[in-house]
Amino acid sequence: MTVNLLNNHIFWSKALGKIESLTQPQVQFSTFNGTELDGKFELKAYAPNYTLLAKQLASYVSDDSIKTIDLTDVHVLTNGRLEFTVRLTFDKSKFIKVSQ
């Protein structure tokens, strides 16, 4: 049972590294939540404009470890920046320890 638990352990460091590598330099995160059971991350973030928001979404779409992308709550702030929430569902099998 312990071996099975360890072999099916999700490596969140891989998922976080993946999010980091896919993030546009001008996008800033304000909150970050994840759940292991369903492999979902919810990110509240800021982008300077719609072009960068579109590039950010395209970056997520291009990666095969992300199964679904849900963009919600896009708001233009008084400073012109965009605040948005995105929910990502990862393919958990890409982040599980490979048995040796």
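**Close-up views of a predicted model**

**View 1. Ser 65 and Asp 63 meet through their side chains.** The side chains of Ser 65 and Asp 63 are joined by a polar contact of 2.3 Å. A polar contact is a pair of N or O atoms within 3.5 Å; within protein, one must be able to donate a hydrogen and the other to accept it, and residues adjacent in sequence count only if both atoms are side-chain atoms. Ser 65 sits in the loop between H3 and S3. Is Ser 65 buried or exposed? Ser 65 counts as buried, because its relative accessibility is 3%. (Buried means under 20% relative accessible area, exposed over 50%, and partly exposed in between, with a 1.4 Å probe and protein chains only.)

A note before you go on: this is a predicted model, where local features need pLDDT of at least 70 and side-chain atom pairs count only at pLDDT 80 or more, while totals for chains, interfaces and linings use all residues. Residues are numbered from 1 along each chain as its sequence is written, and side-chain values use heavy atoms, leaving out hydrogens and water.

**View 2. Ring pairs link Phe 29, Phe 32, Phe 41 and Phe 90 into a cluster.** Rings of Phe, Tyr and Trp (its six-membered ring) pair if their centres lie within 6.5 Å; planes under 30 degrees apart count as stacked, over 60 as edge-to-face and the rest as tilted. How many aromatic pairs does this rule give? The count is three. Phe 29 and Phe 32 make an edge-to-face pair, because their planes stand at 75°, with ring centres 6.3 Å apart. Phe 32 also pairs with Phe 41, and this pair is tilted, with 5.2 Å from centre to centre and 50° between the planes. Phe 41 is buried at 3% relative accessibility, whereas Phe 29 is partly exposed at 32% and Phe 32 is partly exposed at 33%.

**View 3. A nonpolar patch lies on the surface.** Tyr 50, Leu 71, Val 74 and Val 76 form this patch, and together they have about 350 Å² of accessible area. (Patches are made of residues with over 30% relative accessible area and no salt bridge: like charges are joined within 9 Å, nonpolar side chains (Val, Leu, Ile, Met, Phe, Trp, Tyr) within 5 Å. A salt bridge is a side-chain nitrogen of Lys or Arg within 4 Å of a carboxyl oxygen of Asp or Glu. Accessible areas come from the Shrake-Rupley method with a 1.4 Å probe; for residues, only the protein chains shown count as cover.) Strand S3 (residues 66–76) gives the largest share, three residues. Tyr 50 belongs to helix H3 (residues 50–61). (Helices (H or I, at least four residues) and strands (E, at least two) are DSSP runs, numbered from the N terminus.)
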